[in-house]
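Here is a short tour of one structure. Keep the sequence and the 3D view at hand.

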Amino acid sequence: MDPATALPCDPADLKAGATPTLLDLAPAEWGRHPLLAEEPPFRARQVREWVFGAGVTDPLRMTNLPEGLRRRLADDGAVTPLAIEREHLSADGARKFLFRTRDEHGVETVLIPAGDRRTLCVSSQVGCAMGCLFCASGLAGFTRNLTAGEMVAQVVMANGAASPAGRVNRVVMMGMGEPLLNYANLLSAMRLFTAEEGCGLGARRITVSTVGIPARIRDLADAGLGVHLALSLHAPTAALREKIIPPARRVPLDELMEAIRYYFEKSGREVLIEYILLAGVNDSEDEAQALARLVKRYRATVNLIPANPVVGLPYRPPAGDAIARFQREVRRRGIRCTVRRRRGDDVSAACGQLAGG
Ligand code: SF4
């Protein structure tokens, strides 16, 4: 599908009666927006260059447009479906944005700079239906899917806010929500992340993180986008996994792992296995050994994530050298295993802490 002509969002997901903003439309359709339809065709291109090239979504700053048009676009809120409500800067440089949707929901997004990497953790839903034991996003349940335009707007607006620190050059779909339960919009958004006339990111710089919907993992492999996949496994056995991710009881572990194998075979991309370490829940030596035995059958790397505290939840990361011990046990069996560095936890921007404001 040509990203320039594909409608990036499902109109059914737009607020009833709302005029789509430009970011809700395919770039090739921008000239048909009611406020641009009477303008010469190059106006749509100029607006596109401001939005995708410079991360400018405030029409009043689009200085090569006639003043009247700038005002009409601004008064109509015609460019982006999100507004930045707040920004929090962590002591370690991570930056959390609280966006407000047009129907008044909060959506959080985190920019994580590290050397020349500027990774944006993007949300795919308002809330989440999965209810993982350790996660703030799942506490209030699921509200609605984000449109593709709302996902793309997170990248565009972070680009605008991030300069001069630099543009986003990696996207991880690891924010609020389970992206594979918003599959059609996710696919449209990813096509615009990678499109030349969109965000212009390479597919290798995009990672989709899922708790595991086997049919959608296979669909994603078949879609051939070439993006990376991360599986939030969090437990080496079905019984323990069901305790940590309650809906996992509907997904046999074998079926899930076969979907992972399929993704690797089809895409050539090694899958990242994410494992949150919850003290006293899934961090024993036995569990490390069982994890290594399970993962050994697949081409995958394990990434350990020490749990981050969430207000109202009792879970903590393993103390002392328990994390290093767990990592050693996995590595001893020939599995590549890394530990994720905690970022942004002082502003509740770390993994599992996003709650939507
Ligand atoms: S960890 Fe991900 S899938 Fe689980 S509740 Fe949180 S946002 Fe949802």
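Where does His-234 lie? His-234 sits in the loop that joins strand S9 (228-232) to helix H6 (238-244). The model is predicted. Here His-234 has a positive phi of about 65°, although it is not a glycine. Most residues other than glycine have a negative phi.

Glu-104 also has a positive phi, about 75°, and is not a glycine. Glu-104 belongs to the loop between strand S2 (95-101) and strand S3 (106-114).

Which of the two is buried, and which is exposed? His-234 has 26 other C-beta atoms within 10 Å, so it counts as buried; the cut-off is 20 or more. Glu-104 has 7 within 10 Å, so it counts as exposed; that class takes 12 or fewer.

## The sheet

Ten strands build an open sheet. Their order is S1-S2-S3-S4-S7-S8-S9-S10-S11-S12, and the pairing is mixed. Strands S1 (82-89) and S12 (337-339) stand at the edges. Each has a single partner strand, so one side of each lacks a neighbour in the sheet. From one strand to the next, the twist averages 25°.

Strand S11 (residues 300-306) pairs with S12 in the parallel sense, over three bridges. Val-302 stands opposite Cys-337 in S12.

## Two helix pairs

Start with helix H3 (residues 148-162) and helix H4 (residues 183-194). Their axes come within 8 Å and cross at roughly 35°. The crossing of H3 past H4 is right-handed. H3 contributes Ala-148, Met-151, Val-152 and Val-155 to the contact. H4 contributes Asn-185, Ser-188, Ala-189, Leu-192 and Phe-193. By class, this contact has seven nonpolar residues, two polar and no charged ones.

Now take helix H8 (residues 285-295) and helix H9 (residues 322-331). They pack at an angle of about 35°, with axes 8 Å apart. H8 passes H9 in a right-handed crossing. On H8, the contact uses Glu-285, Ala-288, Gln-289, Leu-291 and Ala-292. On H9, it uses Phe-326, Glu-329 and Val-330. Five of these residues are nonpolar, one is polar and two are charged.

## Around the ligand

Which residues surround the ligand? The shell holds Cys-128, Met-130, Gly-131, Cys-132, Cys-135, Ser-137, Gly-138, Met-176, Gly-177, Glu-178, Val-211 and Gly-352. By class, six are nonpolar, five are polar and one is charged.

Notes
Residues numbered from 1 in each chain as written. Predicted model: local features only at pLDDT ≥ 70, side-chain atom pairs only at ≥ 80, totals over all residues. Axes fitted to C-alpha atoms, helices over the stretch in contact; angles between N-to-C directions. Helix = DSSP H or I, 4+ residues; strand = E, 2+ residues; numbered from the N terminus. Left-handed = near helix turned anticlockwise from the far one by under 90°. Contact = placed C-beta atoms within 7 Å. Nonpolar A, V, L, I, M, F, W, Y, C, P; charged D, E, K, R; others polar. Pairing = 2+ DSSP bridges. Near = placed C-beta within 6 Å.
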